[in-house]
Amino acid sequence: MKINTIGNSFLINNTEKKNVPHKVFENISAKEGQIPVKVSISEEGKKNYRNSLGKKGEGFDTVVEQRSGLLSGKNMPETDYSFELGNKLAALNEKDVYKSTEDKASDLLKAYASMYDEIVQGYESGTRERYSKDQLSESGYRKLTMSEEINSLNAAYKKYADNLEMQAQQAPKIAEAHDKYMEKLSKIGAERAELATKAQKLYSKVKDEGVMENISEKVVAASKVFVKQYANSTLRSRGIESILGNIEIFKK
């Protein structure tokens with residue numbers, strides 16, 4: 001996922017995922033009464049697929065073996081907390097709607113709160129199972145605790161908070177560079193100048209917003225406030241939206 005320095009979303013670079021602790025596995029079982037769908041692939045299709053895998057350095061037989069392991073339950077699909085958090089953020093994104101740093105921070109906290117609530121409620125109900133690789137285990141993996149999952153979520157959240165701060169710091173510089181670029185476009189043609197004008201409205205908002213200080217620190221602190229309030233049964237019974245409504249990430 002590429003970091004979008006100006007747009008409405010901010011996602012962690014794929015290379016950083018390697019550093020997220022607790023690569024885990026999710027135990028997925030077929031739903032009761034669900035009928036599997038059979039898909040037939042022609043010989044020509046299989047041949048083309050084998051060729052495409054060969055270019056990627058991965059054998060067709062290996063992929064088939066991995067698929068069989070997943071279906072049998074022997075292997076479990078890997079869960080990446082950064083990826084899941086990114087999916088939550090993407091769901092909150094609105095097309096063609098400008099979001100300030102405060103808006104993005106609010107969305108990030110909301111995504112975090114949603115995942116945190118899913119983890120806690122999953123363990124309380126006994127329905128959640130996540131596994132981590134463990135060479136000392138006979139099966140090759142072990143079941144994670146709720147605390148370990150939350151630690152992994154916190155690590156992913158911190159990375160997003162850091163990237164939000166970096167994005168906010170870079171935005172004014174990019175907006176300034178765009179001003180110079182727009183001057184050149186205006187001399188090329190009316191159509192391109194019109195496109196540049198639309199972009200200029202976005203960059204004007206970026207410049208008006210300015211650069212906030214200690215963004216990551218404040219965003220992380222807000223998550224700790226949420227966790228503390230979530231632990232209060234009375235507040236929790238009102239729902240996470242109610243708790244989030246009481247949290248001000250950037251105090252005026």
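Reader: Let's start with Phe226: is it buried or exposed?
Author: In this predicted model, Phe226 is buried, with a relative accessible area of 0%.

Reader: Which other residues of H7 are buried?
Author: The buried residues of H7 include Ile215, Val219, Ala222, Ser223 and Tyr230.

Reader: And how far apart are the end C-alpha atoms of H7?
Author: They are 23 Å apart, and that agrees with the 22 Å its 16 residues should span at 1.5 Å a residue.

Reader: Back to the rings. How many aromatic pairs are there?
Author: The count comes to seven aromatic pairs. One of them is Tyr112 with Tyr157, a tilted pair with 4.6 Å from centre to centre and 50° between the planes. Tyr112 lies in helix H4 and Tyr157 in helix H5, so the pair ties together parts that are 45 residues apart in sequence.

Reader: Are those two buried or exposed?
Author: Tyr112 and Tyr157 are both buried. Tyr112 also pairs with Phe226: the ring centres are 6.4 Å apart and the planes stand at 80°, which is over the 60 degrees that counts as edge-to-face, so that is the label this pair gets. With Tyr112 in helix H4 and Phe226 in helix H7, the pair ties together parts 114 residues apart in sequence.

Reader: Nice! Which residues form the aromatic cluster?
Author: Tyr112, Tyr116, Tyr157, Phe226 and Tyr230 form one cluster.

Reader: New topic: where is Asp117, and what is it in contact with?
Author: Asp117 is found in helix H4, residues 101–125. Leaving aside neighbours within four places in sequence, Asp117 is in contact with Tyr230 and Ile240.

Reader: Which side chain of opposite charge is nearest to Asp117?
Author: That is Arg236, 4.8 Å away. A salt bridge needs the atoms within 4 Å, and Asp117 has none, although it is buried.

Reader: What about Asn214, what is its phi?
Author: Asn214 has a positive phi of about 50°, although it is not a glycine. Its place is in the loop between helix H6 and helix H7, and Asn214 is partly exposed, with a relative accessible area of 41%.

Reader: Last one, zooming out: how many helices and strands are there in the protein?
Author: The protein has nine helices and four strands. Of its 252 residues, 34% count as buried. The accessible surface comes to about 16400 Å², with 50% of that belonging to carbon and sulfur atoms.

Conventions. Residues are numbered from 1 along each chain as its sequence is written. This is a predicted model: local features need pLDDT of at least 70, side-chain atom pairs count only at pLDDT 80 or more; totals for chains, interfaces and linings use all residues. Side-chain values use heavy atoms; hydrogens and water are left out. Helices (H or I, at least four residues) and strands (E, at least two) are DSSP runs, numbered from the N terminus. Buried means under 20% relative accessible area, exposed over 50%, partly exposed in between (1.4 Å probe, protein chains only). Accessible areas come from the Shrake-Rupley method with a 1.4 Å probe; for residues, only the protein chains shown count as cover. Lys and Arg count as positive and Asp and Glu as negative; His and the chain ends are not counted. Contact means heavy atoms within 4.5 Å. The expected span of a helix is 1.5 Å times one less than its number of residues. Rings of Phe, Tyr and Trp (its six-membered ring) pair if their centres lie within 6.5 Å; planes under 30 degrees apart count as stacked, over 60 as edge-to-face and the rest as tilted.
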